[in-house]
Amino acid sequence: MNESTSLSTNVSSRREFIKTTGRVAAASALAGMALPLVHAAGNETLQVALIGCGGRGTGAAANAMNVKEVPVKLVAMVDVFHDKLNASYEGLSNKYAKQVDVPPERRFIGFDGYQHAMDCLKPGDIAIFTTPLAFRWVHFKYAIEKGLNVFMEKPLTADGPTSRRMLDLAKQASAKNLKVGVGLMCRHHRPLQELAKRAQDGQLGEIILMRGYRMAPSGLANCFVERWPGNPSELLWQISVFHSFIWASGGLFNDFYIHHIDHLCMIKNAWPVKAQALGGRHYRKTQGGKLLVDQNFDSYSVEYTFEDGTKMYMDGRNEIGCNEIYSSYVHGSKAMAIAASYGDYGKNTSIHSGQNPTNKNAIWTSNVSREEQDPYDNEWNDLVNAIRNDKPYNEVPRGIAASVTSSLGRMAAHTGQEVTYDEMLNHPEEYAPGCDKYTMDSPPPVRSNADGVYPIPMPGILKHSEYAINAA
């Protein structure tokens with residue numbers, strides 16, 4: 001934000017952050033030589049605990065059990081909702097009967113269940129974190145104490161304090177030689193990896209512009225919600241519709257747009273230094289006239305700027321009936337590339353002469369074996385390979401950078417200010433303080449007023465905060 005913001009004297013800078021990322025990788029490499037190994041040797045079975053049994057958690061557990069290099073078995077599960085845990089257990093048991101060993105005594109309900117689930121593992125096993133992001137640091141801290149490898153879903157953070165906390169925990173994980181994967185699967189999509197290599201080898205020339213679009217009506221049900229119905233508790237209800245609340249997901253901007261942001265930054269091999277943006281909410285009621293009370297905008301347009309002046313645009317829209325675009329592009333001085341033809345990633349990537357891609361001017365198109373076409377399986381194969389062969393592996397610093405970059409764009413739109421990467425990383429507001437002490441009876445971190453309405457962004461009025469944190 002252009003105007004000065006009060007920050008701690010122990011601030012982090014983007015340059016220091018990137019240097020620290022390098023130190024974490026170096027520490028991981030040294031740890032492999034100096035510390036006891038915590039990995040699956042030979043064909044030793046890797047046990048897995050699933051913490052967060054929603055759709056993405058269930059999918060991550062399935063990807064884990066698809067690994068061929070070493071046997072993987074699911075032995076513990078936890079959620080705050082019985083129905084989600086039961087549905088996940090039934091689905092996974094039906095498909096992976098021989099790999100699911102989770103009797104009732106190893107199925108836990110409650111906010112402290114993560115401890116019980118991880119207590120079922122031995123050092124070197126894997127904990128899967130797929131709860132709302134506010135709890136990521138809580139679970140990561142305990143996994144490090146237990147000597148567990150980790151797979152955690154994106155985004156990792158939504159605010160500055162937890163971003164800095166997670167970076168510190170990443171150092172601790174590398175110092176203990178733990179392997180940590182982050183669910184930014186585009187980084188493991190072989191066509192995108194090849195495109196990034198070609199771009200960095202100069203085949204596109206100087207990158208001058210990147211564009212990402214997720215303009216589709218997907219996710220409307222969980223992003224735009226009516227007032228709390230009174231049951232379950234307000235905290236549990238907010239968790240059940242986590243896309244609606246910034247504290248739980250970073251809002252739809254972080255959760256939906258982080259993949260394009262991340263893979264474009266991978267191709268550029270850099271993170272932006274600042275962003276300016278616009279966005280708004282066109283409809284605050286359902287078609288039936290009921291008030292919607294979530295914290296999201298329905299449209300965003302963010303201009304990111306890199307240190308060398310390169311621009312990256314990320315446009316998002318969640319409105320039914322509008323033109324749908326779900327793709328990403330990279331423009332260079334010699335050629336341009338299609339990074340994602342449709343979705344968070346496409347089947348292929350391609351490079352084209354000129355700036356208008358057609359089949360006729362394609363210079364190169366990716367070609368990947370069938371075995372490596374699924375990036376969700378690839379990220380698990382890469383993680384398990386690192387565990388089994390004791391390779392340095394810690395994706396948290398990069399995952400934090402992607403999360404901070406997403407939050408940077410979101411905050412620029414929500415405040416109407418230009419925001420720098422350093423300001424986002426060092427912003428003092430924590431959106432779910434004390435979440436490590438939540439119980440089933442705890443109040444939520446953001447409260448509604450008497451009409452059931454939650455505080456929302458007010459660009460130009462709230463210039464340094466995304467919403468009135470202490471509003472009743």
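Two strands count as paired if DSSP finds at least two bridges between them. In this predicted model, V48 has I126 in β4 as its bridge partner.

- Strand β1 (residues 46-51) pairs with strand β4 (residues 126-129) in the parallel sense, and 4 bridges link them.

**The largest pocket**

- Rolling a probe the size of a water molecule over the atoms shows where space is left empty.
- The largest pocket holds about 760 Å³ of space.
- Its lining consists of 43 residues, and those nearest the centre of the pocket are R56, T130, T131, P132 and F242.
- Sorted by class, the lining has 19 nonpolar, 14 polar and 10 charged residues.
- At least two lining residues come from each of these elements: α2 (55-65), β2 (72-79), α5 (136-146), α9 (234-240), α10 (246-249) and α11 (251-268).

**The cysteines**

- Across the whole structure, a search finds 0 disulfides.
- C53 has a relative accessibility of 2%, so this residue counts as buried; the cut-off for buried is under 20%.
- C265 is also buried, because its relative accessible area is 2%.

How values were computed
Residues numbered from 1 in each chain as written. Predicted model: local features only at pLDDT ≥ 70, side-chain atom pairs only at ≥ 80, totals over all residues. Heavy atoms only, no water. 1 Å grid on protein atoms, 1.4 Å probe; cavity = no way out; pocket = protein on both sides within 12 Å on 5 of 7 lines; lining within 4 Å. Points joined across faces, edges and corners; volume = space filled by probe spheres on them. Nonpolar A, V, L, I, M, F, W, Y, C, P; charged D, E, K, R; others polar. Disulfide = S-S within 2.5 Å. Buried < 20%, exposed > 50% of the residue type's maximum accessible area, 1.4 Å probe, protein only.
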